[in-house]
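Keep the sequence and the 3D view open.

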Amino acid sequence: MRPAISLTNVSKVFDIVREKQVSLKAAVLSFRRPPSQKLVALQNLDLVVSHGEALAVIGRNGSGKSTLLGIIGRIYKPTTGTVEVDGRVATLLDPGAGFHPDLTGRENIFFNGAIMGLTTAQVRNCIDDVIEFAELNNFIDAPVKTYSSGMLLRLGFSIAVQTNPDILLIDEAIAVGDAKFQEKCYERIESFKRTGKTIVFVTHDLEAARSVASRALWLDKGKVCADGEPEKVIDAYLACILDQ
C-alpha cells in the first residue's frame, strides 16, 4: 500500500523583506528591490506517514511545524524536494482560514466543501452533521464575520472531520470550546483512528500528543531531532528544553 504522506528531501525557504518602500514613487526612484533575508523553515526533510497513523508534531515556536502542515496541505510549495499525498485532505490551520467573512456559516460549509473537492450533493449529505457537531444551529445563517474565534474553530473543526477526509491536518486546534465539546473532539479523533484515517497534528499540548498520537515527530530549526514512539520523543524533547 502506498503511504498516506511521503516527503523526500523537502526544504522550504521564505524570502523576508526587511524594508518596504513607502510609495510607488519611492520605489521607482530607488531603482532596486528592498533588501531581503532568507528564512529556512524546513531543511532536507524526509518523512513517510502510513495510512492510519496519528502523528503529533512537536517543537518550539519557529521550528517549522506549521510550515510542514502547509507543505502537506499544498498551501506552500516546497523550495526543493517532492511531496506525495494519497487521499483527500482536510485542513484546520488557523481560526477563520478558508472562511469568507460575508458568507453565512451554512454558505461557508458549501464553500469549503467545494475547495475540498466535494460536490454540492456530497456537502448536502453531511451539512446537518457539520452544523450539529459544531453546535451552531442558532448562528449558522449569520455571517461568519459575526462569529467569535471559538465559533470559527468549532465550525472549521466540524467541517474538517464531518466531511470524511482520508487525511486530517490540524494546527493547534485538536480540541476547542468547553470541556464537553473538547471531549467530543477527542472522541471524533479516536473514531478517525479506528477507521484507518491518517492524522497529522501540530501541538504544544504534550498530554494531547501522548493520548492521541501513535507516533511523534520533534522538529527543531526545520530538522528532525527525533521520530518514533510518542513517550520517548516527548521525554527527549522535555529533557532538551529543561536542560537549556
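**Exercise 1.** Decide how far helix α2 is enclosed by the rest of the structure.

*Solution.* Start with the residues: Lys65, Thr67, Leu68, Leu69, Gly70, Ile71 and Ile72 of α2 are buried (under 20% relative accessible area, 1.4 Å probe, protein chains only). Helices here are DSSP runs of H or I with at least four residues. α2 spans residues 65–72, and seven of its eight residues are buried, so it is largely enclosed. Just after α2, arginine 74 takes a positive phi of about 65°.

The model is predicted: local features need pLDDT of at least 70, side-chain atom pairs count only at pLDDT 80 or more, and totals for chains, interfaces and linings use all residues. Numbering runs from 1 along each chain as its sequence is written, and side-chain values use heavy atoms, without hydrogens or water.

**Exercise 2.** Classify the packing of α3 against α4.

*Solution.* Take the axes, which are lines fitted to C-alpha atoms over the stretch in contact, with angles from 0 to 180 degrees between N-to-C directions. Those of α3 (residues 105–115) and α4 (residues 120–134) come within 10 Å and cross at roughly 130°. Next, list the contact (heavy atoms within 4.5 Å): α3 gives Arg106, Ile109, Phe110 and Gly113, while α4 gives Thr120, Val123, Arg124, Ile127, Val130 and Ile131.

**Exercise 3.** Which residues does proline 3 touch beyond its neighbours within four places in sequence?

*Solution.* Locate proline 3 in the segment before β1 (5–17). Its contacts are Val48, Val49, His51 and Asp86. Then check serine 50: its C-alpha atom lies 4.6 Å from that of proline 3, 47 residues apart along the chain.

Technical notes
Helix = DSSP H or I, 4+ residues; strand = E, 2+ residues; numbered from the N terminus. Buried < 20%, exposed > 50% of the residue type's maximum accessible area, 1.4 Å probe, protein only.
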